[in-house]
Amino acid sequence: DYILSRYHERHRADLAELIPLARRVEQVHADDPEAPLGLASDLATLAQEIEDHMVKEERMLFPTMRDGGRDTITRPITVLRADHDRHACTIAPIRNLTADLTPPAHACRSWRTLYSRTAILLDDLGAHIALENERLFPWFEVVE
């Protein structure tokens, strides 16, 4: 329940605000060579990837865990761990495109807000992944 309220709801809300903000920054600064052109698309890709992952957890994994888990839970956890690894591959281009979320000196307030809020999202996502990989999943993985 903590993961759902602290992370899933927040990721959805953050991305719903960040994608339009990125589109606006891209549009306003289209002629600026340092503009993060393509960031909205990268964030939309991340949003879809995260949404697919969270739905797997909400509909399949977490209900099974609430029921005490089963021997068959190891396979879904393996799939979700692989999703976590893919998230890192999706985040890398975002960091690359944005100079690791460092706005140029001339960036407007919207551009700076976009980068700072994206940094918060990515930090939250990292904490979310670490919590699941290091604390939650090991409780249910079958050790042979």
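Select D1, which is exposed because its relative accessible area is 67%; exposed means over 50%, buried under 20%, and partly exposed in between, using a 1.4 Å probe and protein chains only. This is a predicted model, in which local features need pLDDT of at least 70, side-chain atom pairs count only at pLDDT 80 or more, and totals for chains, interfaces and linings use all residues. Residues are numbered from 1 along each chain as its sequence is written, and side-chain values use heavy atoms, with hydrogens and water left out.

The side chains of D1 and R66 form a salt bridge, at 2.5 Å from N to O; the term means a side-chain nitrogen of Lys or Arg within 4 Å of a carboxyl oxygen of Asp or Glu. The two residues are 65 apart and link distant parts of the chain, with D1 in the segment before helix 1 and R66 in helix 2. R66 is partly exposed, because its relative accessibility is 48%.

Zoom out to the whole chain. The C-alpha atoms fill a box of roughly 55 × 25 × 20 Å along the principal axes. Of the 144 residues, 41% are buried.

Next, color helix 2. How far apart are its end C-alpha atoms? They are 37 Å apart, which agrees with the 40 Å that 28 residues should span at 1.5 Å a residue; the expected span is 1.5 Å times one less than the number of residues. Go to E57, where helix 2 bends by about 40°, the bend being the angle between axes fitted to the seven residues ending there and the seven starting there. Further along helix 2 is T64, which is buried because its relative accessibility is 13%. The T64 side chain reaches the backbone oxygen of M60 at 2.9 Å. Just after the helix, G68 takes a positive phi of about 100°.

Select K56 and D83 together. Their side chains meet in a salt bridge of 2.9 Å, N to O. K56 belongs to helix 2 and D83 to helix 3, so the pair ties together parts that are 27 residues apart in sequence. Is D83 buried or exposed? D83 is buried, because its relative accessibility is 5%, whereas K56, at 30%, counts as partly exposed.

Move to D32, in the loop between helix 1 (2-28) and helix 2 (39-66). D32 is buried yet has no salt bridge, and the nearest side chain of opposite charge, R112, is 10 Å away; here Lys and Arg count as positive and Asp and Glu as negative, while His and the chain ends are not counted. The D32 side chain does reach the backbone nitrogen of E34, at 2.7 Å. Leaving out residues up to four places away in sequence, D32 touches H106 and W111, where contact means heavy atoms within 4.5 Å.

Finish at P104, in the loop between helix 3 (74-97) and helix 4 (109-140). P104 is buried because its relative accessibility is 9%. P104 and E34 are 70 residues apart along the chain, but their C-alpha atoms are separated by 7.3 Å. With residues up to four places away left out, P104 touches E34, W111 and R112.

Notes
Helix = DSSP H or I, 4+ residues; strand = E, 2+ residues; numbered from the N terminus. Polar contact = N/O pair within 3.5 Å; in protein donor to acceptor, adjacent residues only side chain to side chain.
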